[in-house]
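Subject: Handing over a structure, with notes

Dear colleague,

I am passing on the structure below, and I would be glad if you could look through it alongside these notes.

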Amino acid sequence: MNFHKLILIGILFIFFDFNIGIDLVPDFVGFLIVAYAFSKQNVPYATLGLSCSLLLMLFSFIEMFQVQTQPFYYCGSIDLWMQFVFIAIGLINILFFACIFYVSNKMLKIENSIFPKVFIGAQILFELFNKLGLHLPFQ
């Protein structure tokens, strides 16, 4: 498969969450697929994208085994070190999507394709709606 098909399949694994006690579509599989796509490329920032994918895969694998009885944002206070971990994960996510955009843009520059712009725009909207959803009051 080519880079863009693997990225799309990996992002779909990351995006969809079907839970019945366990996650039927685990995020770490999506990050693994994206890491494989990055490993096949010889353009700048592909190795950084591979590293980000593997780190996010590790974090999502660990997160899969955490028992959560209520959403995390209902917790009272968070330890300072955990705040740094969450900030680091957010920054790694930004680097992850930037690497996808950059590698895709380098590969499709010859073809003058709009895929990278559409993809990064969709990812920004997804992240925006995902983060906004956490802050909406629930009745």
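Helices (H or I, at least four residues) and strands (E, at least two) are taken here as DSSP runs, numbered from the N terminus. On that basis the protein has five helices and zero strands, and its elements follow one another from the N terminus as α-α-α-α-α. Please keep in mind that this is a predicted model, in which local features need pLDDT of at least 70 and side-chain atom pairs count only at pLDDT 80 or more, while totals for chains, interfaces and linings use all residues. Residues are numbered from 1 along each chain as its sequence is written, and side-chain values use heavy atoms, with hydrogens and water left out.

As for the whole protein, 29% of its 139 residues count as buried, where buried means under 20% relative accessible area, exposed means over 50%, and partly exposed lies in between (1.4 Å probe, protein chains only). With contact meaning heavy atoms within 4.5 Å, 63% of the contacts between residues at least 6 apart in sequence join residues at least 24 apart.

Turning to the helices, α1 has 13 residues, which at 1.5 Å a residue should span 18 Å, and this agrees with its end C-alpha atoms being 18 Å apart; the expected span is 1.5 Å times one less than the number of residues. Within α1, the residues F3, H4, L6, I7, G10, I11 and I14 are buried. They lie on the same side of α1, because they cover an arc of only 155 degrees around the axis, the arc being that of the directions from the helix axis to the C-beta atoms.

In α2, the buried residues are D27, F28, G30, F31, I33, V34, A35, A37 and F38, and these buried residues pack against α1, α3 and α4 (80-108).

Leaving aside neighbours within four places in sequence, L48 is in contact with L95 and C99. The C-alpha atoms of L48 and F96 are separated by 8.0 Å, although these residues are 48 apart along the chain.

Finally, L24 is located in the loop between α1 (3-15) and α2 (27-39).
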